[in-house]
Number of protein chains: 2
Amino acid sequence: MRHFVVIGREAKASPDFLLDDLPGTSGRLDVGLRCVRAGLLLSHGLRRDVVVYLVLGGGPRAPRVLRIRGADARFLRPDERSLAILARKALAGHEDTDATVFVERRPGIALARGGIERALADLGAARLYVLEESGDDLRRVDPLGPDAAFFLGDHTGIDGADRAKLAAQGARPLSVGPRSIHAEDAVAIVSNELDRRDAGAS
Amino acid sequence: MRHFVVIGREAKASPDFLLDDLPGTSGRLDVGLRCVRAGLLLSHGLRRDVVVYLVLGGGPRAPRVLRIRGADARFLRPDERSLAILARKALAGHEDTDATVFVERRPGIALARGGIERALADLGAARLYVLEESGDDLRRVDPLGPDAAFFLGDHTGIDGADRAKLAAQGARPLSVGPRSIHAEDAVAIVSNELDRRDAGAS
């Protein structure tokens, strides 16, 4: 299994954002949504072996974690607006306010209270990596998996407290390349590296 | 210089699409717009050495080519809606109907009549590559540049006529990996490979 955990320090954990101005009203949830596309979608179909977690640290309902599992998800469209509508539906409602386990809100889409620790608890025995520019070169870390989880920050990066939690769990810093790129591009590059290894072509 | 040429066979060459339903009304211009983001934007800033061409084959004004140059562009935002608004502004107006040269409509954003041949004529002496799954492995083609142009199709692929034009110009088929992925992810992967080589880290 492949897991991507995108930490949005200010990304809205509530549905009170505008579809017409996602970057301005959602705490940059748009970054996480683009990571959902990059992590889960192929040209024609879903990656069934991928789970994407969006750790949402913004707004009155934070912290919450939105989990999208390729194994169970349906009707995932690639465009940001469609993904935002899906996220808004999943984030609506109050009945799960105290749920610290993941509660499925839509097929393959589940929500839980909590921050990065909630995602960590859900990962099982996956090897943990945190993407950062000063980390070890992705291409030279072998093996990466087979069960691996990659933690990424959005444009604001990962804060000290979350870094400490990841370090305490033994997460290994990993770099995808020499430039500072968008989170969704890093997801695409990690996915490509794993695809190549799975195919014996790396 | 790095050039990405995204061929949207049905992508609207006119501004008559809905921002609230890009996939359903723009002939999947959303794919091209995501390639603009992946090709041109870094975490904090623009890639000045990149040009992205969107070859637009759909609607009454087709064919037209929209060119976005990192060297001159300003105010590029990463979200699809903002990019769609920019494209809509650039595609509006009739004064350029007969312009077969690129006419700048916004800083760094220019428009010309024509299809893939218009992009080809603008590329100068760049090495030409066409991304396809059966091509040579990107990582094993060396050198790729320094001046390189990568042609990609959207979800509909590249048609026979355009393939023939590219073959006649000596474009080399190139594969980024074993899975069939979205065009914007391919742009991210090619960019990463070029970044690594530029940094001497490939």
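Eight strands of chain A build an open sheet of mixed pairing, in the order β6-β7-β5-β4-β1-β9-β8-β10. This is a predicted model, in which local features need pLDDT of at least 70 and side-chain atom pairs count only at pLDDT 80 or more, while totals for chains, interfaces and linings use all residues. Residues are numbered from 1 along each chain as its sequence is written, chains are lettered from A in the order in which they are written, and side-chain values use heavy atoms, with hydrogens and water left out.

User: Which strands of chain A stand at the edges of the sheet, and why is one side of each left without a neighbour?

Analyst: Strands here are DSSP runs of E with at least two residues, and helices are runs of H or I with at least four, numbered from the N terminus. Two strands pair if DSSP finds at least two bridges between them. Each edge strand has a single partner strand, so one side has no neighbour in the sheet; these strands are β6 (103-106) and β10 (172-175) of chain A.

User: Which residue is the bridge partner of A:V130 in β10(A)?

Analyst: Strand β8 (residues 127-137) of chain A pairs with β10(A) in the parallel sense over five bridges. In β10(A), the partner of A:V130 is A:P173.

User: At what angle does α6(A) run to β1(A)?

Analyst: Axes are lines fitted to C-alpha atoms, for helices over the stretch in contact (heavy atoms within 4.5 Å). Angles run from 0 to 180 degrees between N-to-C directions. Helix α6(A) lies across β1 (2-12), β8 and β9 (148-153) of chain A, and its angle to β1(A) is about 175°.

User: How many salt bridges are counted between chain A and chain B?

Analyst: A salt bridge is a side-chain nitrogen of Lys or Arg within 4 Å of a carboxyl oxygen of Asp or Glu. One such pair is B:R139 with A:E193, at 2.5 Å from N to O. Between chain A and chain B the count is ten.

User: Which element gives the most residues to the side of chain A that touches chain B?

Analyst: In chain A, α2 (29-40), β2 (41-42), α3 (80-91) and α6 (183-198) each supply at least two residues of that side. With eight residues, the element that gives the most is α6(A).

User: How much area do chain A and chain B bury between them?

Analyst: Buried area is the accessible area (1.4 Å probe) that two parts lose on being put together, summed over both. Here 41 residues of chain A are in contact with 41 residues of chain B. Carbon and sulfur atoms carry 44% of the buried area, which is about 3600 Å².
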